[in-house]
Amino acid sequence: MAQLKELSSICSLIFVSLFISGVVSTNFTITNNCNYTVWPGISNTGSSPQFSSTGLVLQKGESKTFTAPTGWGGRVWGRTYCSQNSTGNFSCLTGDCGSGKVECLGNNGVSPQTLAEFQL
């Protein structure tokens, strides 16, 4: 476990940039600055509009942009060393959200994780 915490602190798992695009929505650009694949986890907080990024996965150096609805509040974190077993259960060594799926379905990730939280 100590090795995973050390790995998390060495690599900036996810760099999140925020761009306000008027009152309609907000765009987030996530860039994987690590030397391995990262599956961003996203969860909604409180009574904010529900949002999920289906199947978001980032290879080394890859960036993707997603649009969150007006008034969205939530968390974004990196999940690493993820896989799917023969019965279809998806899980990650770091940041796993326990949903058994690529989407976190409202669940938060467990430590170790690098987390960013927003309320728009």
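Visitor: Which side chains does a polar contact of 2.5 Å join here, and how should I read such a contact?

Guide: A polar contact is a pair of N or O atoms within 3.5 Å; within protein, one must be able to donate a hydrogen and the other to accept it, and residues adjacent in sequence count only if both atoms are side-chain atoms. In this structure the side chains of Asn44 and Trp72 are joined by such a contact, at 2.5 Å. Please keep in mind that this is a predicted model, in which local features need pLDDT of at least 70 and side-chain atom pairs count only at pLDDT 80 or more, while totals for chains, interfaces and linings use all residues. Residues are numbered from 1 along each chain as its sequence is written, and side-chain values use heavy atoms, with hydrogens and water left out.

Visitor: Where is Asn44 found, and is Asn44 buried or exposed?

Guide: Helices (H or I, at least four residues) and strands (E, at least two) are DSSP runs, numbered from the N terminus, and Asn44 belongs to strand E3, which covers residues 38-44. Buried means under 20% relative accessible area, exposed over 50%, and partly exposed in between, with a 1.4 Å probe and protein chains only. Asn44 has a relative accessible area of 15%, so Asn44 is buried.

Visitor: How many aromatic pairs does the count come to, and how is the geometry of a pair read?

Guide: Rings of Phe, Tyr and Trp (its six-membered ring) pair if their centres lie within 6.5 Å; planes under 30 degrees apart count as stacked, over 60 as edge-to-face and the rest as tilted. The count by this rule is 5 aromatic pairs. In one of them, Phe28 and Trp72, the ring centres are 5.8 Å apart and the planes stand at 75°, so the pair is edge-to-face. Phe28 lies in strand E2 (residues 25-31), while Trp72 lies in the loop between strand E4 (63-69) and E5, so the pair ties together parts that are 44 residues apart in sequence. Phe28 also forms an edge-to-face pair with Phe118, at 4.8 Å centre to centre and 65° between the planes. Because Phe118 lies in strand E7 (residues 115-119) and Phe28 in strand E2, that pair ties together parts that are 90 residues apart in sequence. Ring pairs link Phe28, Phe66, Trp72 and Phe118 into a cluster.

Visitor: Which residues make up the largest nonpolar core?

Guide: In soluble globular proteins, nonpolar side chains tend to be buried together. A nonpolar core is a set of buried Ala, Val, Leu, Ile, Met, Phe, Trp, Tyr and Cys residues joined through side-chain atoms within 4.5 Å. The largest one here has 10 residues, namely Phe28, Ile30, Ile42, Leu56, Leu58, Phe66, Ala68, Trp72, Val76 and Phe118, and strands E2 and E4 each supply at least two residues of this core.

Visitor: How many disulfides does the structure hold?

Guide: A disulfide is a pair of cysteine sulfur atoms within 2.5 Å, and the structure holds 2 of them. One joins Cys82 to Cys92, with 2.0 Å from S to S. Cys82 lies in strand E5 (residues 73-84) and Cys92 in strand E6 (residues 90-94), so the pair ties together parts that are 10 residues apart in sequence. The torsion about their S-S bond is about 105°, so the Cys82 and Cys92 disulfide is right-handed. Another disulfide joins Cys97 to Cys104, with 2.4 Å from S to S, and at -90° about the S-S bond the link of Cys97 and Cys104 is left-handed.
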